[in-house]
Amino acid sequence: MAESEAEMREMIVNELTQAMHDIIRDVARFLPRLVVMLVIALVGWLIASILKWALRSILQLAKFDKLSENAGASQLLKQAALPSSTELLSRFVFWVAFLGFILLGVSVLGIVGLQEYIARFFLFLPRLFVALFIVFFGLLAASFFSRSALLASVNADLPSPRLIALSVRTVIIIFVFSMVFEELGVADQTALLAFGVAFGGLVFGLALAFGIGGKDLAREFLQRRFVHRRKEEKEDELSPL
Amino acid sequence: MSADLLTQQRSVPPRTEAKLAEESFLTDDLIRQLINVGEVDILVGLPTHNNGKTITPVLQAIQAGILKCFPRERVVIINADGGSRDGTPELITGASIDDVRHAYKLHALRTLHAITTQYGTTPASGPALRTILASADLLRAKACAVISPESSNIDPEWVARLLQPVYRENFDLVLPVYQRHKFEGLLMRQLVYPMTRAIYGWRVREPFATDYAFSGGLGSQFLTDNHWDDEAGHSGPELLLTLTALTRGFRSCQTFLGPKGTSDRGSSDLVPAIRQTVGSLFSSLEPNYPVWSGISGSQALTTIGPESEVTLEPLRVNRKRLREMFCSGVSELQSVFASILMPETLAQLRLLGSCTEDEFRYSEELWVKTVYEFAAAYQKAVISRDHIVQALAPLYRGRIFSFLSENRNATGEMVEANVEGLCSEFERLKPYLLEIWNGGK
């Protein structure tokens, strides 16, 4: 009885010792990986900071804020209480780079299952960049063409120039975001359908408003453009040059 | 620094260099025709696009002017056409000199050549002038004139008045002075003339000329300048030619031609007209900054004949529409103006937009500040440069409304005094332009 008790105690001690050894061995195996991960994260932080600083300098030199202001992006950022587009883009690049390094470090830890998610994240990055590129240049195009429409409408003395400019801007922005969703693979079919419905609805609505709802206005407008206008222009025939 | 300092040493590149540079620009067919003509003394350029209605009398006046004043010289007429569909080039090539001989009882000692070439399918004054200059360079023309096909009031004397100062008195550029109605050509008199005068220091009445003459040397210099691909070089090279002559010390003068022909250009063509003139003027400021930044005041240019002549016959003008378009422009384009104008200027314009017709007065000072702020915004490209130029149109209408109201019953002298006052204001406020140009505000 006493022997079996001693055996049992020894077994427990052995098991505990073995477990302790295993834990120590695992910790000993894990610690260097953790250190490597921390080193990777630190290097990543340094590289990301350098990237942020370099990008900020380049964007400041290229007067990116002005471009963004022209695109109307700055106004959107201000309304959302966000920093300037240069700062935002620099910070974005910093976090993407830093997060990339952290994930690289995490993959060194050898945690099963994480590897696949990390690979997916890196595969998703180019699409995210393309989407951001589309958003920025889309906003730029929307701003440019809506301003062109506004100026042309004012100089042609058309009614509601701001409504015309807003329509142009809205159509372009809807189109841009449908492209962005398609690029990101987020509800792409829905976005495409939504664009089709919105665009078709807009055109149909305008046709209805022009043809039926505002037929008097349409008649008046057309008469003013093509009948009375000629008379007015004759009276106003001052050659500028 | 005064405008005298503008008289610099001219450096005209060798003509062969320009010729080589332009060899690829001219078509083989045109070069063949030019080689058949050989060297000439005088070249008359006729840029056209669907001018079938007016081209025949203009061509006859040019031919008569040449036969009358330059019977011994070798002369060629070059028609640079922008893809006319009304048979304009055919009218030119088919025009017989015999009609002119009989009508004016003149005799030619030499063959008067006429060549037609198509520079493109859409009209643009840049390629048209470039074709004429390259042809003149290849033919080693001593004097060249460009005549507008819309100059319905042209008489044969115009050819002599434009070409003689170049051919016989060694001037490099001859610009026109016209007799105009007091309310015609207001873009020129309210903006282009006063601003060019204040900036470059020369009192040139028509910096953007449609009828003008120049020497082969100036033509070659302008041809080699690299501005043909710019918007200004494409749509308004006439003004750039004037500025090249003024800023590089070429001998320039102006000559009185008589009444300016009435063109089809009406108020609806305001934006293209602003692009051609104001756009070119604004675009010239940056490269010429070292020249103009030191100039103060202005000096008169040699003028043959009267410096201006104003007619006063009654003219019906829809002033109400001008003011309405100004007010709607100020109200609709707030966001555009906010990026171009200083806050205080914009505030004054807003105030003006809410004035009644009787209270409305777009003062000279406000107008000059507006124009200078537009020029500085154009240099800084705060928004698309073409948008900046377009945005000036409604404000110009407001200024014109004010000018028309103030000068409704004015005599010719009063109108001239008014224009002179505006010119002085442009000169007085030039330091303001320099301040905003250099980012002082």
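Guide: What follows is a short talk through parts of this predicted model.

Visitor: Okay, chain A. How many helices and strands does it have?
Guide: Chain A has eight helices and zero strands. Along the sequence the pattern is α-α-α-α-α-α-α-α.

Visitor: And what share of chain A is buried?
Guide: Buried residues are 15% of its 241 residues. Looking at contacts in chain A with a separation of 6 or more, 61% are between residues 24 or more positions apart.

Visitor: Now chain B. What domains does the assignment give?
Guide: Domain 1 covers 3-309 and domain 2 covers 319-437. The centres of these two domains of chain B, taken over C-alpha atoms, are separated by 30 Å.

Visitor: How many residues are in contact between them?
Guide: In chain B, 25 residues of domain 1 are in contact with 25 residues of domain 2.

Visitor: Which element supplies the largest share on the domain 1 side?
Guide: That is H8(B), with nine residues of the side of domain 1 that touches domain 2. As for residue types, that side of domain 1 divides into 13 nonpolar, seven polar and five charged residues.

Visitor: Let's switch to helix H19 of chain B. What span should it have?
Guide: H19(B) has 17 residues, 412-428, and at 1.5 Å a residue it should span 24 Å. Its end C-alpha atoms are 24 Å apart, so the two values agree.

Visitor: Which of its residues are buried?
Guide: The buried ones in H19(B) are B:Val415, B:Val419, B:Leu422, B:Cys423, B:Phe426 and B:Glu427. Seen down the axis of H19(B), the buried residues fall within an arc of 145°, so they line one face of the helix.

Visitor: What's on the other side?
Guide: There, B:Glu413, B:Ala417, B:Glu420 and B:Gly421 of H19(B) are exposed.

Visitor: And what do the buried residues of H19(B) pack against?
Guide: They pack against H8 (186-200), strand S11 (309-311), H17 (364-380) and H20 (430-437), which are elements of chain B.

Visitor: What about antiparallel?
Guide: Strand S7 (residues 212-215) of chain B runs antiparallel to S5(B), with two bridges joining them.

Visitor: Which partners does B:Val174 have?
Guide: In S7(B), the bridge partner of B:Val174 is B:Ala213. In S8(B), the bridge partner of B:Val174 is B:Cys253.

Visitor: Why call S5(B) largely enclosed?
Guide: Because seven of the nine residues of S5(B) are buried, the strand is largely enclosed by the rest of the structure.

Visitor: Last topic, loops. Where is B:Asn170?
Guide: B:Asn170 lies in the loop between helix H7 (157-167) and strand S5 (173-181) of chain B. B:Asn170 is not a glycine, although its phi is positive, about 60°.

Visitor: Is B:Asn170 buried or exposed?
Guide: Exposed: B:Asn170 has 10 other C-beta atoms within 10 Å, and the cut-off for exposed is 12 or fewer.

Visitor: What is phi for B:Arg140?
Guide: Phi of B:Arg140 is near 55°, also a positive value in a residue other than glycine. B:Arg140 sits in the loop between helix H6 (125-138) and strand S4 (143-146) of chain B. With 16 other C-beta atoms within 10 Å, B:Arg140 is partly exposed.

Note on methods: Residues numbered from 1 in each chain as written. Chains lettered and ligands numbered in written order. Predicted model: local features only at pLDDT ≥ 70, side-chain atom pairs only at ≥ 80, totals over all residues. Helix = DSSP H or I, 4+ residues; strand = E, 2+ residues; numbered from the N terminus. Buried ≥ 20, exposed ≤ 12 C-beta atoms within 10 Å, placed from the backbone. Contact = placed C-beta atoms within 7 Å. Expected span 1.5 Å × (residues − 1). Arc of directions from axis to C-beta. Domains from an automatic or database assignment. Nonpolar A, V, L, I, M, F, W, Y, C, P; charged D, E, K, R; others polar. Pairing = 2+ DSSP bridges.
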